[in-house]
Amino acid sequence: MHVVMFADQHVESLGGAQVSMRLQRRFLERAGHTVTVVAPRMHRPAPTDPAYVDLPSIPVTPDREYALSWPGIRTDRFVDAAMARRAPVDVVHVQADFWGAFIGHRYAARHGLPVVHTMHNRVDVGIEATAPFPALVLRVLNVWARRALRPALRVREARQAPDGWAYLRRLAGLSAAVTAPSAHFARRLEAHGAVPGASGSVETAGVDVVWNGIDDDILDAALAGGPVERRPGRPRFVWIGRMSPEKRLLPFLEAVAASGIDAEVEVIGGGAQLRAARRLVERSLASIRFSGRMPYARTLARLAEADAVVQTSIGFETQGMTVFEAASLGTPAVVSDPDIAAELGGGVWSVADATVPALAETLRRASADIAAGSPVAVDPSIGERFRQSSRTAAMVGVYARAVAPR
């Protein structure tokens with residue numbers, strides 16, 4: 001098959017979705033498929049690749065890392081001209097939430113192609129966490145979507161509340177299949193009606209669960225030496241992520257100080273809250289090491305060496321990749337989000353609620369279990385189920401089902 005992926009950002013820019021798309025492309029090509037990736041052109045040096053269609057764009061961040069391509073007739077013509085020089089397309093895979101989604105759905109509608117849409121973003125929670133006046137932003141976003149997607153809409157839309165779910169329902173309704181990177185997000189999409197359109201192009205109207213995976217080669221290299229022997233010493237906890245409010249780094253640091261645990265605590269990553277995090281640690285006198293951003297392979301090595309990874313975001317993650325990566329390496333997790341804890345199925349110290357005291361109590365419990373040599377046991381099947389090769393096989397099955405009616 002020839003799969004055309006549409007993204008909001010160039011896949012060589014920074015971000016988890018971009019890393020996932022590069023990985024998906026590589027494993028699809030290993031399986032004999034052809035992949036084209038359509039995304040805004042970057043405004044800093046980036047690798048060139050014949051698989052990329054770089055759209056005219058404008059930078060939207062001061063560091064010129066991210067860009068916007070306007071969904072409209074001029075962009076439509078650019079995409080059509082670029083794709084006319086390539087092999088016929090079988091399926092459009094939209095892995096975008098905003099302008100990339102609009103451009104992808106418009107392209108599919110013009111050419112009568114089925115769309116598989118992967119929902120990466122809990123739009124309402126993400127905008128509330130990152131934008132001022134989120135209700136206004138969501139209203140404007142819904143108006144933009146109605147206008148940009150008008151060429152793709154099959155029927156006149158009923159009036160909907162201008163919220164995040166209405167926005168996702170519109171995108172899902174234009175799709176032959178919808179996938180989500182976790183069961184809990186898939187069930188939430190279904191509960192709010194964000195399911196494939198009733199066009200008779202799919203066997204069911206449900207949302208397919210296809211986890212984002214881990215590179216088989218990197219996982220094999222990390223596991224090559226066999227099980228990691230725990231080196232003697234205090235319990236070792238690691239927190240990994242973007243330092244922004246929705247990730248709840250500051251409540252984690254407060255909980256470490258309140259817990260009184262005798263443990264090594266490492267924070268990996270960067271972001272806007274780094275300075276506030278350092279000040280909080282200085283005031284609390286907690287023993288916490290900030291290690292900054294790390295290459296992926298080194299981050300996995302840290303996960304393998306840790307006694308537990310801590311994930312503190314609640315309601316924001318549509319999968320929560322870090323805890324799955326850790327579980328693949330045999331490392332358990334302290335998890336604040338009950339949906340993610342349930343998805344893992346084992347190897348979890350669950351936090352009772354969103355308060356700092358509850359997180360502190362869970363850290364004390366995990367630290368005591370680790371020190372006693374009896375940590376919670378990780379589900380051994382996650383490592384195999386999380387491999388990208390298995391995730392690619394699952395997605396190819398979704399593609400085949402979407403293409404079959406043609």
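Is phenylalanine 102 buried or exposed? Phenylalanine 102 is buried, at a relative accessible area of 0%; buried means under 20% relative accessible area, exposed over 50%, and partly exposed in between, with a 1.4 Å probe and protein chains only.

The model is predicted: local features need pLDDT of at least 70 and side-chain atom pairs count only at pLDDT 80 or more, while totals for chains, interfaces and linings use all residues. Residues are numbered from 1 along each chain as its sequence is written, and side-chain values use heavy atoms, with hydrogens and water left out.

1. Aromatic pairs. The structure holds 10 aromatic pairs. Rings of Phe, Tyr and Trp (its six-membered ring) pair if their centres lie within 6.5 Å; planes under 30 degrees apart count as stacked, over 60 as edge-to-face and the rest as tilted. Phenylalanine 102 and tyrosine 167 make an edge-to-face pair, with 6.2 Å from centre to centre and 70° between the planes. Phenylalanine 102 belongs to helix α3 (residues 99–111) and tyrosine 167 to helix α6 (residues 164–173), so the pair ties together parts that are 65 residues apart in sequence. Helices (H or I, at least four residues) and strands (E, at least two) are DSSP runs, numbered from the N terminus. Tyrosine 167 is also buried, with a relative accessible area of 0%. One aromatic cluster is formed by Trp70, Phe98, Trp99, Phe102, Trp144 and Tyr167.

2. The seven-stranded sheet. An open sheet with parallel pairing runs in the order β3-β2-β1-β6-β7-β8-β9. Its edge strands, β3 (52–55) and β9 (208–209), each pair on one side only. Two strands pair if DSSP finds at least two bridges between them. Strand β6 (residues 91–94) pairs with β7 in the parallel sense over three bridges, and valine 94 stands opposite histidine 117 in β7. Helix α2 (residues 73–84) lies across β1 (2–6), β2 (34–40) and β3, at about 160° to β3. Axes are lines fitted to C-alpha atoms, for helices over the stretch in contact, and angles run from 0 to 180 degrees between N-to-C directions.

3. The six-stranded sheet. A further open sheet, also with parallel pairing, has the strand order β12-β11-β10-β13-β14-β15. β12 (288–292) and β15 (348–350) are at the edges with a single partner strand each, so one side of each is left without a neighbour in the sheet. On average, neighbouring strands of this sheet are turned by 25° against each other, direction ignored. Helix α12 (residues 321–328) packs on the sheet and touches β10, β13 (308–311) and β14 (333–335); the direction of α12 makes about 170° with that of β13. Contact means heavy atoms within 4.5 Å.

4. Strand β10. Strand β10 (residues 236–240) and strand β11 (residues 264–268) pair in the parallel sense over five bridges. Isoleucine 240 is opposite isoleucine 268 in β11. Five of the five residues of β10 are buried, so β10 is largely enclosed by the rest of the structure. Arg236, Val238 and Ile240 are on one side and Phe237 and Trp239 on the other, and both faces are covered.

5. Helix α9. In helix α9 (residues 249–259) the buried residues are Leu249, Leu250, Phe252, Leu253, Ala255, Val256 and Ser259. They pack against β10, β11, α10 (274–284), β12, β13 and α14 (356–371).

6. Arginine 122. This residue lies in the loop between β7 (115–118) and α4 (123–130). Arginine 122 counts as buried, at 14% relative accessibility. The side chains of arginine 122 and aspartate 124 make a polar contact at 2.9 Å (a pair of N or O atoms within 3.5 Å; within protein, one must be able to donate a hydrogen and the other to accept it, and residues adjacent in sequence count only if both atoms are side-chain atoms). Leaving out residues up to four places away in sequence, arginine 122 touches Trp165, Phe185, Arg188, Gly315, Phe316 and Thr318.

7. Arginine 401. Helix α16 (residues 388–403) contains arginine 401, which counts as buried at 19% relative accessibility.
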